[in-house]
Amino acid sequence: MRMEKLRATGRFLRSSPKVSVFDRRLSSNSGKSIHSSASGYGNGFGKKCRDDVIRKWNVRTCFGLYGYQGKNFRDCMERGVLEDTRRIQHRGFGSLAEKVQRSASFSTLNSDDISYFKGILGEKNVVEDEERLAIANTDWMHKYRGSSKLLLQPRSTEEVSEILKYCNSRNLAVVPQGGNTGLVGGSVPVFDEVVVNMSLMNNVISFDKVSGILVCEAGCILENLITFLDNQGFIMPLDLGAKGSCQIGGNVSTNAGGLRLVRYGSLHGTVLGLEVVLANGDVLDMLGTLRKDNTGYDLKHLFIGSEGSLGIVTKVSILTPPKLFSVNVAFLACQDYFSCQKLLVEAKRKLGEILSAFEFLDSHALDLVLNHLDGVRNPLPPTIHNFYVLIETTGSDETYDREKLEAFLVHAMEGGLISDGAIAQDINQASAFWYIREGVPEALMKAGAVYKYDLSLPVEKMYDLVDEMRTRLGDSANVVGYGHLGDGNLHLNVSTPQYDDKVESYLSYKAICVLFLFSSLINDIQ
């Protein structure tokens with residue numbers, strides 16, 4: 001085992017680029033790469049640093065760039081040195097950066113290339129049909145569109161390897177694509193990249209009912225894995241609103257957190273092994289199935305959350321917990337964000353081991369869902385409260401778990417932390433509660449244009465950012481805040497009637513101002 005790992009490590013180091021991944025992604029003059037200079041992998045396999053998308057950053061890390069200069073963003077504003085910020089925008093906020101141009105170092109697809117791919121994959125899995133390409137070129141938000149002329153659908157790791165080896169030799173840019181459910185355009189081409197769609201690699205390879213370890217291919221749809229495991233008496237540790245389309249390879253490549261991270265942790269903890277194809281076609285076999293493995297370097301962590309910049313995930317080994325049959329869902333109202341925080345603290349203390357989800361949304365989010373999604377009703381009529389919290393508990397004793405949740409809610413009500421609430425009485429009500437939380441992205445799309453920011457922040461300061469953005473934008477936009485309060489993940493959305501270049505430029509400028517200003521608040525408390 002140790003020698004196998006050392007050999008895998010050697011292959012990885014030999015095939016690693018001489019320039020940094022970060023530089024290669026953002027330089028329009030970079031050399032060979034698995035993707036074009038502006039292209040990463042989205043919820044198929046990572047996010048792009050586009051010229052009009054704010055990436056998901058840890059705010060303190062991102063804005064630590066100013067620490068050595070001895071001045072914060074307020075100083076910059078007062079002294080009129082916004083050019084300082086403009087110079088670094090290409091590293092995280094593309095809106096103020098110059099437009100990305102297609103690198104001349106990448107080749108253009110020709111008929112010989114297509115013939116070669118047909119020889120590997122067969123005619124059926126080399127797609128040139130315009131209608132199918134239009135789908136592959138367009139993101140879920142219908143905001144970003146590429147111009148790829150070729151979609152490849154490999155059925156095995158060997159075929160993925162052959163594709164990448166050839167593309168590397170020909171210097172053809174590639175963008176892997178899974179379920180294409182990402183909200184920032186990361187899984188569609190920027191220009192004319194070859195799309196490698198993983199949908200046909202959708203087999204469950206093995207499942208150990210004793211250990212709960214699942215091994216599957218990267219193209220497996222998350223909901224299909226959930227259904228498979230449900231029949232085995234287990235569950236996936238990951239659950240997303242996009243589970244009906246997203247694929248496990250994309251989930252791993254973006255280190256998707258999901259709705260139950262507060263209970264089961266991140267994929268860095270539950271993924272036991274990976275198989276990955278590197279840019280030059282080399283296959284890195286790290287598909288271990290041991291929960292404890294101390295034999296050398298644990299390279300899989302480089303690929304979890306690497307956003308596809310290092311290679312394409314082809315197989316996944318993941319630890320799945322047993323299915324517990326006592327599930328309760330409560331939908332609660334809070335008067336202010338401070339109450340939401342206190343409720344989270346109390347839930348961790350009093351619900352303890354049965355707490356499996358703690359989500360929040362503001363009144364703006366609920367209003368969007370009620371007005372734009374069919375069949376949704378306010379669970380706590382007739383009042384619209386300032387904040388809402390969805391709590392889920394999962395345990396093994398239905399009577400005990402229910403009594404524990406009810407006692408917690410009575411205590412929270414008496415303490416003034418919640419002003420109203422309801423416990424789902426059956427699976428239909430539980431699904432209806434969850435649909436409100438999971439339906440916010442769809443409601444935002446139906447409301448018009450939406451600018452999305454996905455941020456990990458200290459819980460106590462999370463909603464300050466929403467308030468600040470709302471104050472600065474005024475009536476020009478509807479600012480919506482919701483997300484995973486249990487793990488400090490805020491989904492900040494700015495909704496406008498339609499996309500407009502002037503609005504987008506203004507909004508991005510304001511967003512950067514607010515984020516820089518807000519970063520100083522975070523630094524003050526850490």
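Where is the place of H142? H142 sits in the loop between α7 (130-137) and β2 (151-152).

## Model and overall make-up

This is a predicted model, in which local features need pLDDT of at least 70, side-chain atom pairs count only at pLDDT 80 or more, and totals for chains, interfaces and linings use all residues. Residues are numbered from 1 along each chain as its sequence is written, and side-chain values use heavy atoms, with hydrogens and water left out.

The protein has 20 helices and 16 strands; helices (H or I, at least four residues) and strands (E, at least two) are DSSP runs, numbered from the N terminus. Of its 526 residues, 55% are buried, where buried means under 20% relative accessible area, exposed over 50%, and partly exposed in between (1.4 Å probe, protein chains only). Among contacts (heavy atoms within 4.5 Å) with a separation of 6 or more, 74% join residues 24 or more positions apart.

## Nonpolar cores

The largest nonpolar core holds 49 residues, and F117 and L274 touch the most other members. Such a core is a set of buried Ala, Val, Leu, Ile, Met, Phe, Trp, Tyr and Cys residues joined through side-chain atoms within 4.5 Å. Helix α8 (residues 157-170) gives the largest share of this core, five residues. Apart from this core lies another, of 40 residues, with C334, C340, L343 and L492 among them.

Not counting residues up to four places away in sequence, L274 touches partners including V252, L284, M286, F303 and V316.

## Helix pairs

The axes of α14 (residues 337-350) and α16 (residues 398-414) come within 11 Å and cross at roughly 145°. Axes are lines fitted to C-alpha atoms, for helices over the stretch in contact, and angles run from 0 to 180 degrees between N-to-C directions. L343, E346, A347 and K350 of α14 meet K404, F408, H411 and A412 of α16.

Helices α17 (residues 427-438) and α18 (residues 440-447) pack at about 50°, with axes 5 Å apart. The contact is formed by Y435, I436, R437 and E438 of α17 with V440, P441 and E442 of α18.

## Backbone exceptions

H142 is not a glycine, yet has a positive phi of about 60°. At 48% relative accessibility, H142 is partly exposed. E307, also a residue other than glycine, has a positive phi near 60° and lies in the loop between α13 (300-303) and β9 (312-319). E307 is buried, with a relative accessible area of 9%.

The peptide bond from P381 to P382 is cis, with omega near -5°. P382 belongs to the loop between α15 (363-372) and β12 (387-395).
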